[in-house]
Amino acid sequence: MLQVDKIAYTNKLTKINPKIKFVAAMILLFTAIIFENIPMYIGMFLLIGFVLVQFAGIKLNRYLKFFMIPSSFLLLSLVTILISVSKSADVFLYNISVGGFYIGITQSSLNQCFILFFRALACLSSTYFLALTVPINQLLKILKSMKMPIVVLEMVMLIYRFIMMFLEEYKDMQTAIYLKFGYGNLRTSYRSISLLIVSLFTRMMNRYEELSISLEVKLYDGDFHV
């Protein structure tokens, strides 16, 4: 089970009506997307963090770890927005000269990066509030009650299932590689990674075939009864 799923099923807010949590998360998310206000973004980030830590019982360090991976992608994206190229040095706050061009940071790009960074944090916080307090089965029931097309519900369920299968196989293979000292040096690490990728693809295809066979045995007619 994913750590996110484990928290969603065991947190102290689990017994609260999932529709209330869903609506609250959507309001927070769309508020962060529509309005442009950095103090509001910071307030949303702190408020959601306080609710999840204080009322849902999620440890602060565990909650903050969820931001590590998306934040790294966010920072890389912000770099491309922050840095500009121009033939004139007057538009930059800080710049370096490369050939006949100037590469640097402008006031507008700096302001835009601040807005995007804090907006992304607020949106991530809203998304995590939903993911950490509403289990997948309750989320599917909510989407079904909203008259969401069955094909969308089926896609959500299948994607969720295959993510779980993928991570399960990956974890088992990583454990096997570590036990065999597959990352002992650079050469063996590259070899282990290549074997991991090939084996993971093969195992996932086998799991897919097993799933297809099990569905045929159960007289699968093309529809999942979500």
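Trainee: Which residues of α7 do P18, K19, K21 and F22 in α2 meet?

Mentor: Good place to begin! Helices here are DSSP runs of H or I with at least four residues, numbered from the N terminus, and contact means heavy atoms within 4.5 Å. By that test, the α2 residues P18, K19, K21 and F22 meet, on the α7 side, Q138, L139, I142 and S145.

Trainee: How do the residues of the contact of α2 with α7 divide by class?

Mentor: A word on the source first: this is a predicted model, in which local features need pLDDT of at least 70 and side-chain atom pairs count only at pLDDT 80 or more, while totals for chains, interfaces and linings use all residues. Residues are numbered from 1 along each chain as its sequence is written, and side-chain values use heavy atoms, with hydrogens and water left out. Ala, Val, Leu, Ile, Met, Phe, Trp, Tyr, Cys and Pro count as nonpolar, Asp, Glu, Lys and Arg as charged, and the others, Gly among them, as polar. For the contact of α2 with α7 that gives 4 nonpolar, 2 polar and 2 charged.

Trainee: At roughly what angle do the axes of α2 and α7 cross?

Mentor: Axes are lines fitted to C-alpha atoms, for helices over the stretch in contact, and angles run from 0 to 180 degrees between N-to-C directions. The axes of α2 and α7 come within 10 Å, and their crossing angle is roughly 80 degrees. Since 65 to 115 degrees counts as roughly perpendicular, α2 is roughly perpendicular to α7. So the angle you asked for is roughly 80 degrees.

Trainee: Are α2 and α6 roughly parallel or antiparallel to each other?

Mentor: The axes of α2 and helix α6 (residues 107–133) come within 9 Å and cross at roughly 170 degrees. Angles under 35 degrees are roughly parallel and those over 145 roughly antiparallel. α2 and α6 are therefore roughly antiparallel.

Trainee: What is the class make-up of the contact of α2 with α6?

Mentor: On the α2 side the contact includes F22, M26, L29 and I33, and on the α6 side it includes A122, C123, F129 and L130. K21 of α2 and R119 of α6 also take part. Divided by class, the residues are 12 nonpolar, 3 polar and 2 charged.

Trainee: Which residues of α8 make the contact with α7?

Mentor: α7 (residues 136–145) and α8 (residues 150–179) have axes that come within 10 Å and cross at roughly 170 degrees, which makes α7 roughly antiparallel to α8. From α7 come I136, L140, L143 and K144. By class, this contact has 7 nonpolar, no polar and 1 charged residues. The α8 residues are L153, V156, M157 and Y160.

Trainee: Which elements are included in what covers the buried residues of α7?

Mentor: Buried means under 20% relative accessible area, exposed over 50% and partly exposed in between, with a 1.4 Å probe and protein chains only. In α7 the buried residues are I136, Q138, L139, L140, I142 and L143. Their cover includes α1 (3–10), α2 (18–34) and α8.

Trainee: What is the phi of K147?

Mentor: K147 lies in the loop between α7 and α8 and, at 72% relative accessibility, is exposed. Most residues other than glycine have a negative phi. K147 is not a glycine, yet its phi is positive, at about 60 degrees.

Trainee: How far apart in space are L196 and M173, C-alpha to C-alpha?

Mentor: L196 sits in helix α9 (residues 186–217) and is buried at 10% relative accessibility. Beyond neighbours within four places in sequence, L196 is in contact with Y170, M173, Q174, I177 and Y183. L196 and M173 are 23 residues apart in sequence, and in space their separation is 6.9 Å.

Trainee: How many disulfides does the structure hold?

Mentor: A disulfide is counted when two cysteine sulfur atoms are within 2.5 Å. C113 is in none, as the nearest cysteine sulfur, that of C123, is 16 Å away. C113 is buried with a relative accessible area of 8%, and C123 is buried at 16%. The number of disulfides is 0.

Notes. Helices (H or I, at least four residues) and strands (E, at least two) are DSSP runs, numbered from the N terminus.
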